[in-house]
Amino acid sequence: DRIDEALANARQAHALNPHNMRSLNALAFVENMAGNPESAIEHLHEALRLSPRDPLRYQLNAQLALASICSGQYANGVEYALLGIGEAPGYPNLSTYLAISYVGLGEIGKGKAALDEARRVGPELVASRLAGGLRFRKPEHHRRYITFLRIAAGLEDPSAADGLR
């Protein structure tokens, strides 16, 4: 409910420390939630350039997967989620984003398998997300996220994704 304030704070933190991977990651998350996935992607690529071997790189890949979902770049979402899973297989957000990205590509079976893995490593997170726990400023981003997730969970018919891709 306070996304404008969060965005101003994240931008100020980045301005104070523009070459810090964590400030870029935080700014990218808030930019994405505020409806600016393209800006988020730019910040995340900058963070990867600044810290290519950072042990928290999987979080950048998770953010890239999420921003790719919001911008409708599902193949990129799959790529980034798989990269992140290779680095941190127990981080359930990555498998969740992989599931959503696969549904975006129309690969429902792969989406269900990815969501099964997300449930295995983080059942509470998946339950929270299915309950609508992640909120986006743009209703179409939220609708796409939750609908694709529900399709992967078998709670909605795959045809529900047709108008959202």
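Colleague: Is Glu31 buried or exposed?
Modeller: Glu31 is buried in this predicted model. Its relative accessible area is 4%, and the cut-off for buried is under 20%.

Colleague: Which side chain does Glu31 meet in a salt bridge?
Modeller: That of Arg11, at 3.0 Å from N to O.

Colleague: How many salt bridges does the structure hold?
Modeller: There are 9. One of them joins the side chains of Arg137 and Asp4, at 2.5 Å from N to O. This pair links distant parts of the chain, 133 residues apart. Arg137 sits in the loop between α8 (123-130) and α9 (139-152), while Asp4 is in helix α1 (residues 3-16).

Colleague: What about the relative accessible area of Asp4?
Modeller: Asp4 is exposed at 52%, whereas Arg137 is partly exposed at 39%.

Colleague: Which residue pairs with Glu107?
Modeller: Lys110, with the closest N and O atoms 3.1 Å apart. Glu107 is partly exposed at 30% relative accessibility. Lys110 is also partly exposed, with a relative accessible area of 46%.

Colleague: Switching topic: where is Ser68?
Modeller: Ser68 is in helix α4, which covers residues 57-70. With 0% relative accessibility, Ser68 counts as buried.

Colleague: What does Ser68 touch?
Modeller: Leaving out residues up to four places away in sequence, Ser68 contacts Ile41, Gln73, Tyr74, Asn76, Gly77 and Tyr80.

Definitions and conventions: Residues are numbered from 1 along each chain as its sequence is written. This is a predicted model: local features need pLDDT of at least 70, side-chain atom pairs count only at pLDDT 80 or more; totals for chains, interfaces and linings use all residues. Side-chain values use heavy atoms; hydrogens and water are left out. Helices (H or I, at least four residues) and strands (E, at least two) are DSSP runs, numbered from the N terminus. Buried means under 20% relative accessible area, exposed over 50%, partly exposed in between (1.4 Å probe, protein chains only). Contact means heavy atoms within 4.5 Å. A salt bridge is a side-chain nitrogen of Lys or Arg within 4 Å of a carboxyl oxygen of Asp or Glu.
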